[in-house]
Amino acid sequence: MSNNAGMVKPERMELPQIKDRMSFIYLEHCTINREDSAVKVSDMSGDVCIPAATITTLLLGPGCKITHRAMELIGDSGIGTVWVGEHGVRYYAHGRALSSHTELLLKQAELVTNTRKHLGVARRMYQMRFPDEDVSKLTLQQLRGREGSRVRKTYKEYSKKWGIPWDGREYDPNNFSSGTPVNQALSAGNVCLYGLAHAVICALGCSAGMGFVHIGHESSFAYDIADLYKAETTIPIAFEMAANVRDEFGDKIPSDFSGMVRRRLRDEIVKLHLLERMVHDIKILLSDSEKEKMQEEETVYLWDNIKDKVKNGRQYYEDGGKEDGSDNDE
């Protein structure tokens, strides 16, 4: 039994913001423990310590064993944790990232439950994909059709650029190796993008289950956000990696192909500043206008049907028919 208490739980203000961290780390067939303020990863080749406050998302694949001390550190540091299947292409469960406020969550709930506002957010999502077009008068069905055409065009462009045949998105989640190289690369890349979006959403205090284009799934909003960036990340990378494998290995697909895709995607995420963009774009989507700035708040308020919210930690009482309050030191 160890007497090492590890690091003192950090204050939230001491932790790096989500946009300033590493994107994701995929682990499999290892033991994950804690050493002071670092996540300690051990396997047959040795130990590696990763500063916990620098990680956005841990993708835990098959064969991972994680200790209670490690999860304690992960929770204190606000790391999003996603349990995935072999090659990282199946989602099983997730642990929430650290969040201390509900401002954006309340805004998200308001927007998703009002049909007019819900459609407005969906339009803003499509506007991010079509920045040079006015989509304000298009119906949701028209937007969906236009997005489908755009994605098909993107697949064809990269198929032609890299000389990789494209017959459509086909994959078997129960048999990863049965897919073509480009479909394998898309599967491996997309699950990383979903995990990253999920972690950013939770870190901002939002709900991954309340989506605007996708609905009915616990990760609906994560799918919404990830879709904003596929055309510039996972799709081009999938064709690029499929072409590289063809040129180097011929018809044989290397056993670490999914790992190669993940590392390539991680480099592109850094290059495109995708974490910063996700944070910014989510706040814009959940704002009434681009000028509205939503601040994270550490304070817990009391709900008020007239004033919207009033201060917490005060003793409230009636004074001549009016409510008054004084500081409560309890």
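Let's start with Tyr223, which at 22% relative accessibility counts as partly exposed. Keep in mind as you look around that this is a predicted model. Tyr194 belongs to helix H5 and Tyr223 to helix H6 (residues 220-227), so to speak a link between distant parts of the chain, 29 residues apart.

Now for the rest of the aromatics. The count comes to five aromatic pairs. Another one of them joins Tyr155 and Trp166: here the centres are 4.4 Å apart and the planes meet at 20°, so the rings are stacked. Tyr155 sits in helix H4 (residues 140-162), while Trp166 is in the loop between H4 and helix H5 (181-203), so the pair ties together parts that are 11 residues apart in sequence. Is Tyr155 buried or exposed? At 13% relative accessibility, Tyr155 counts as buried, because the cut-off for that is under 20%. Tyr155 and Trp166 also form one aromatic cluster with Phe239.

The charged end of Arg262 sits over the ring of Tyr26, 3.6 Å from its centre. Arg150 lies over the face of Phe130, at 5.8 Å from the ring centre.

That brings us to the salt bridges, and a search of the whole structure turns up 15. Arg146 is partly exposed at 33% relative accessible area, and Glu133 is partly exposed at 34%.

Further along, Arg277 and Glu232 meet in a salt bridge of 2.7 Å, N to O. Arg277 lies in helix H9 (residues 274-285) and Glu232 in the loop between H6 and helix H7 (234-249), so the pair connects parts that are 45 residues apart in sequence. Arg277 is partly exposed at 28%, and so is Glu232 at 29%.

Two last stops. Glu35 forms a salt bridge with Lys40, the closest N and O atoms being 3.5 Å apart; Glu35 is partly exposed at 35%, as is Lys40 at 22%. Finally, Arg34, Arg69 and Glu72 are linked in a network of salt bridges.

Key: Residues are numbered from 1 along each chain as its sequence is written. This is a predicted model: local features need pLDDT of at least 70, side-chain atom pairs count only at pLDDT 80 or more; totals for chains, interfaces and linings use all residues. Side-chain values use heavy atoms; hydrogens and water are left out. Rings of Phe, Tyr and Trp (its six-membered ring) pair if their centres lie within 6.5 Å; planes under 30 degrees apart count as stacked, over 60 as edge-to-face and the rest as tilted. Helices (H or I, at least four residues) and strands (E, at least two) are DSSP runs, numbered from the N terminus. Buried means under 20% relative accessible area, exposed over 50%, partly exposed in between (1.4 Å probe, protein chains only). A charge sits over a ring if NZ of Lys or CZ of Arg is within 6 Å of the ring centre and within 35 degrees of the ring normal. A salt bridge is a side-chain nitrogen of Lys or Arg within 4 Å of a carboxyl oxygen of Asp or Glu.
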